[in-house]
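Have the sequence and the model side by side as you read.

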Amino acid sequence: MVDVTIIGCGNLGSALITGLAKAGNHDVTAYDIDESALERVASYCERTTSDIEEAATSEVVVVAVKPDIVETVLESLELSADQTLVTVAAGVPIDFVNAHTDATVVRIMPNLAAETADMAAAVAWDEVDEGVRALLADLGEFVEIDEEHMDVATALNGSGPAFVFYFLQAMKRAAVEEGLDDEDAEVLAAQTVKGAAETVLRSDRSVDELIDAVCSPNGTTIEGMEVLWDSDLEAETGDALAAAARRSRELAEEFEHD
Ligand SMILES: NC(=O)C1=CN([C@@H]2O[C@H](COP(=O)(O)OP(=O)(O)OC[C@H]3O[C@@H](n4cnc5c(N)ncnc54)[C@H](OP(=O)(O)O)[C@@H]3O)[C@@H](O)[C@H]2O)C=CC1
Ligand SMILES: O=C(O)[C@@H]1CCC=N1
């Protein structure tokens with residue numbers, strides 16, 4: 001059992017706590033200044049606290065507050081060199097966190113699918129931290145990257161779930177327009193996205209080969225694919241990803257000027 005504290009139990013922190021509870025390999029302490037946030041996660045963790053000193057005793061401490069609150073939290077956290085501090089905040093550089101703590105700093109870009117242990121995460125570290133590796137492995141898939149690529153990871157797998165939710169909803173709405181029941185359309189759209197993603201992860205075939213495999217000659221799929229290939233969807237998706245990455249770089253600049 002690795003002792004983990006999650007500081008900030010909002011959207012992301014609560015997803016991490018719920019996912020870790022399912023995996024069952026961590027002793028989790030939840031810390032937040034908002035009592036109602038602690039109440040919402042209480043059944044998924046060993047203890048909740050609003051005492052920062054109690055929160056600071058774990059081997060791994062994850063700071064999951066908004067980027068502009070990170071400095072305040074770091075200033076109140078007394079960690080030692082044998083502890084690990086995990087930062088998840090968009091745009092907050094490792095150097096900035098290092099300047100505020102004696103702990104080993106690991107930067108990750110997680111996502112909301114931590115809740116179901118289907119998280120995609122990118123991690124940047126000077127050397128592998130076994131405690132964090134075990135935590136990430138429990139919550140889904142992760143890749144190791146250089147910190148300079150954190151902005152694009154933030155756009156791809158941090159913001160990415162929102163982009164996919166949007167596409168899923170567009171598919172669902174179109175099916176409802178065609179007459180399908182709302183709930184049935186949601187189940188079919190969501191399971192289709194999940195199954196397609198799982199197929200990409202598990203298959204040896206490329207995405208183009210998989211598209212080909214669905215497109216029967218003179219069948220239905222090719223009619224829909226012709227519409228997508230003729231549209232601006234690929235370029236617009238690229239623009240969305242670039243906008244999110246640009247914002248991550250902007251946030252980082254704010255910390256560099258501190
Ligand atoms: N949401 C996402 O999908 C992802 C988020 N992230 C990163 O995770 C971080 C958190 O995002 P998110 O969960 O969406 O934010 P939320 O606002 O949902 O959660 C933050 C939580 O921290 C609490 N909080 C505020 N100040 C303090 C403090 N001083 N000490 C402890 N807790 C505090 C907030 O309380 P209150 O509401 O009362 O202010 C809230 O409960 C961000 O840095 C973001 O960049 C990374 C990847 C994905
Ligand atoms: O929107 C944000 O800033 C955070 C970081 C990635 C996902 N949510």
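Q: What is the handedness of the crossing of α7 and α12?
A: In this predicted model, α7 passes α12 in a right-handed crossing.

Q: Which residues make the contact of α7 with α12?
A: From α7 come D151, V152, T154, A155 and L156. From α12 come L241, A244, A245, S248, R249 and A252. They divide into seven nonpolar, two polar and two charged.

Q: What makes α8 oblique to α9?
A: The axes of α8 (residues 160–177) and α9 (residues 182–202) cross at roughly 140 degrees. They come within 9 Å. Roughly antiparallel needs an angle over 145, and roughly perpendicular stops at 115. Roughly 140 degrees falls between those two limits, so α8 counts as oblique to α9. The crossing of α8 and α9 is right-handed.

Q: Which residues of α8 and α9 meet?
A: In α8 they are V164, L168, M171, K172, A175 and V176. In α9 they are D182, A185, E186, A189, A190 and V193. The contact holds nine nonpolar, no polar and three charged residues.

Q: How do you know that the residues UniProt lists for "binding site" gather at one spot?
A: The unreviewed UniProt entry lists I7, G8, C9, G10, N11, L12, A64, V65, K66 and P67. They span 61 residues in sequence. Yet no two of their C-alpha atoms are more than 14.2 Å apart, so they gather at one spot.

Q: Why does G8 count as buried?
A: G8 has 25 C-beta neighbours inside 10 Å. Buried starts at 20 or more, so G8 counts as buried. G8 lies in the loop between β1 (2–7) and α1 (11–23). Leaving out residues up to four places away in sequence, G8 touches G13, D32, V63, A64 and V65.

Q: What makes P67 partly exposed?
A: P67 has 18 C-beta neighbours inside 10 Å. Buried needs 20 or more, and exposed needs 12 or fewer. The value of 18 lies in between, so P67 counts as partly exposed. P67 sits in the loop between β4 (60–63) and α4 (70–76). Beyond residues up to four places away in sequence, P67 touches A89, A90, G91, V92 and L251.

Notes: Residues numbered from 1 in each chain as written. Chains lettered and ligands numbered in written order. Predicted model: local features only at pLDDT ≥ 70, side-chain atom pairs only at ≥ 80, totals over all residues. UniProt positions renumbered as here; feature names shortened; annotations may be inferred. Helix = DSSP H or I, 4+ residues; strand = E, 2+ residues; numbered from the N terminus. Contact = placed C-beta atoms within 7 Å. Axes fitted to C-alpha atoms, helices over the stretch in contact; angles between N-to-C directions. Parallel < 35°, antiparallel > 145°, perpendicular 65-115°, else oblique. Left-handed = near helix turned anticlockwise from the far one by under 90°. Nonpolar A, V, L, I, M, F, W, Y, C, P; charged D, E, K, R; others polar.
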